[in-house]
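Here is a friendly walk through one protein chain, from its overall build down to a few single residues. Have your viewer ready.

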Amino acid sequence: MAEDALIVIDMQNDFCPGGALAVEGGDEIVPTVNRLIEQSRHVILTQDWHPAGHSSFASSHPGKAPFQMVTMPYGEQTLWPDHCIQGSPGADFHPGLRWTTAELVVRKGFRAEIDSYSAFFENDHRTPTGLAGYLRERSISKVSLCGLATDFCVAFSALDAVAQGFSTSVVLDACRGIDLNGSLAAMTRRMRDAGVQLI
């Protein structure tokens with residue numbers, strides 16, 4: 001039988017209410033995520049892990065505000081408030097998250113010049129995190145995703161998982177979205193069209 005893994009995306013303080021880039025209701029999913037962790041044989045977490053002054057921060061672009069778009073060498077990039085800075089309390093996992101059984105923590109966004117939404121690739125869609133290789137070496141062929149935010153890091157991770165050949169599902173009750181300019185509906189549609197099972 002194929003092995004399967006749970007991938008918990010960016011359940012960090014800065015993405016929860018009171019954080020620098022809070023997702024509405026982001027903390028509400030912690031009990032549901034914990035139940036999924038308890039039920040899963042293999043658990044992997046991702047952690048946004050930006051150096052100070054990261055190129056995706058609006059503060060790094062004079063005259064620009066958070067949520068505006070800029071063109072980077074790798075394409076269009078949304079600018080964000082400073083968040084999940086390496087070693088800061090905001091980058092820590094939510095204190096209620098029971099994550100100690102996790103076998104792997106994938107840190108992403110640590111390259112100053114490029115942002116990273118997906119658990120599998122940086123935003124250039126070419127630079128791998130190594131997660132796909134890790135899963136294959138562990139004979140894991142099926143992944144379920146949950147966490148924050150549905151329409152950004154969860155969705156891009158799910159799309160890349162399918163593209164890498166993994167059977168992929170997203171547990172919507174264990175996700176919350178940002179919904180920036182209709183992004184939640186658009187990314188939900190993209191996931192469904194790509195073959196991601198939304199449960």
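## Ground rules

Please keep in mind that this is a predicted model, in which local features need pLDDT of at least 70 and side-chain atom pairs count only at pLDDT 80 or more, while totals for chains, interfaces and linings use all residues. Residues are numbered from 1 along each chain as its sequence is written, and side-chain values use heavy atoms, with hydrogens and water left out.

## The chain as a whole

Read from the N terminus, the order is β-α-β-β-β-β-α-β-α-β-α-β. The radius of gyration is 16 Å, close to the 16 Å that the globule rule gives for 199 residues, so the chain is as compact as a globular protein of that length. That radius is taken over C-alpha atoms, and the rule is 2.2 Å times the number of residues to the power 0.38. Along its principal axes, the C-alpha trace spans about 55 × 35 × 30 Å.

Of the 199 residues, 51% are buried. Buried means under 20% relative accessible area, exposed over 50%, and partly exposed in between (1.4 Å probe, protein chains only). The chain exposes about 9,000 Å², with 51% of it supplied by carbon and sulfur atoms; accessible areas come from the Shrake-Rupley method with a 1.4 Å probe, and for residues only the protein chains shown count as cover. Among contacts (heavy atoms within 4.5 Å) with a separation of 6 or more, 72% join residues 24 or more positions apart.

Helix H1 covers residues 30-39, and its buried residues are Val30, Val33, Asn34, Leu36 and Ile37. Seen down the axis of H1, these fall within an arc of 160°, so they line one face of the helix. The arc is that of the directions from the helix axis to the C-beta atoms.

The cover over these buried residues includes strands E1 (3-9), E2 (43-48), E6 (140-148) and E7 (167-176). On the face turned away from the buried side, H1 carries the exposed residues Glu38 and Gln39.

## His50 in its loop

His50 lies in the loop between E2 and strand E3 (69-72). With 0% relative accessibility, His50 counts as buried. Its side chain makes a polar contact of 3.3 Å with the side chain of His83. Such a contact is a pair of N or O atoms within 3.5 Å; within protein, one must be able to donate a hydrogen and the other to accept it, and residues adjacent in sequence count only if both atoms are side-chain atoms.

Leaving aside neighbours within four places in sequence, the contacts of His50 include Ser56, Phe57, Cys84, Gly109 and Asp115.

## Cysteines without bonds

How many disulfides are there? The count is zero, where a disulfide is a pair of cysteine sulfur atoms within 2.5 Å. For Cys16, the nearest cysteine sulfur is that of Cys84, 9.5 Å away. The sulfur of Cys175 is 6.1 Å from its closest counterpart, in Cys146, too far for a bond. Cys16 is buried, with a relative accessible area of 3%, and Cys175 is buried with a value of 3%.

## Ala132 in helix H2

Ala132 sits in helix H2 (residues 131-137) and, at 11% relative accessibility, counts as buried. Beyond neighbours within four places in sequence, Ala132 is in contact with Phe120, Gln164 and Phe166.

Definitions and conventions. Helices (H or I, at least four residues) and strands (E, at least two) are DSSP runs, numbered from the N terminus.
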